[in-house]
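Okay, everyone, thanks for coming. Let me put the structure up, and then I'll walk you through a few spots in it.

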Amino acid sequence: MPVVEPFEKSGCRIAQDESGIWLKAPEKLKKFGMIRTMPYPGFPTDSQADLAVMASVAQGTSTVVENIFESRFKYVGELRKMGAQIRTENRVAVIEGVSRLSGARVVSHDLRGGSALVVAALCAEGTTVVDGIHHIDRGYEKIEKQLVDLGAEIFRKEQLNG
C-alpha cells in the first residue's frame, strides 16, 4: 500500500482490520526518504502535502517528487512561515526536518495544501491562523469538529466572537 510505506519508514507502527486502521507514531519521526506521486495504484498526489508536513518535523531529509500536477507545492511558502525547511525546484521538494514548527498566520491556496496547513498547525508550538479556509471547506465538512473529537484545540474565528 503506497500511502502506508512512508509512515512505516518513519517509524510508525500500523495495524489494520475490517473495522479500521491504527497508527502509533514514535516519539521522533525518521525521514521516509523519497516518494513519487503516481497514478493509481501509486502514491496519490492528494496525500503528498500532508506527508511533506510529516517530513518537516522528522529527523533527516526526505524528498517529494510531484509527477501529476505542476503547481501542487503552493503550500510550501506557508510552511516556511512556520519554520519548515523546504527547497523546491520544478516538481521536486527537498525537506530537511526541524525540531519543531511554530505557529504563524498562513493562507490556504487550495484544498490539499490547506488541509496540510491544518495538520502543521496541530503539531506547531503556539497559535496558527489559517486564512482561506473556504478551500478546505470544499473537501472537509466541519474539519474542526472532527479534529476536536480527536483531542485538538481548534476553532473557527466566529466561535471566538460568539
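Let's start with Asp131 and Arg105, which form a salt bridge with their closest N and O atoms 2.7 Å apart. By salt bridge I mean a side-chain nitrogen of Lys or Arg within 4 Å of a carboxyl oxygen of Asp or Glu. Asp131 sits in strand β10, residues 129-131, and Arg105 in strand β8, residues 105-107, so this pair ties together parts that are 26 residues apart in sequence. Helices (H or I, at least four residues) and strands (E, at least two) are DSSP runs, numbered from the N terminus.

Are these two partners buried or exposed? Asp131 counts as partly exposed, because its relative accessibility is 26%, while Arg105, at 53%, counts as exposed. The cut-offs here: buried is under 20% relative accessible area, exposed is over 50%, and partly exposed is in between, with a 1.4 Å probe and protein chains only.

Quick word on what you're looking at. This is a predicted model, where local features need pLDDT of at least 70, side-chain atom pairs count only at pLDDT 80 or more, and totals for chains, interfaces and linings use all residues. Residues are numbered from 1 along each chain as its sequence is written, and side-chain values use heavy atoms, with hydrogens and water left out.

Back to the charges. The structure holds 10 salt bridges. Another one of them joins the side chains of Arg72 and Asp46, at 3.0 Å from N to O. That pair also links distant parts of the chain: Arg72 is in the loop between β4 (61-65) and α3 (76-81), and Asp46 is in the loop between β3 (34-36) and α2 (48-56), 26 residues apart. Arg72 counts as buried, because its relative accessibility is 14%, whereas Asp46 is partly exposed at 34%.

Arg91 is partly exposed at 28% relative accessibility, and Glu70 is exposed at 65%.

Now, the backbone. Where is the cis peptide bond? Look at the step from Tyr40 to Pro41, with omega near 15°; Pro41 is in the loop between β3 and α2. Asn90 has a positive phi of about 55° although it is not a glycine. You'll find Asn90 in the loop between β5 and β6, and at 69% relative accessibility it counts as exposed. Lys142 is another non-glycine with a positive phi, about 50°, in the loop between α5 (133-137) and α6 (143-149).

Let's zoom out to finish. The protein has seven helices and 10 strands, and its C-alpha trace spans about 45 × 40 × 30 Å along the principal axes. For 162 residues, a compact globule would have a radius of gyration near 15 Å, and the protein's 15 Å agrees. That radius is taken over C-alpha atoms, and the globule rule is 2.2 Å times the number of residues to the power 0.38. Buried residues make up 38% of the 162.
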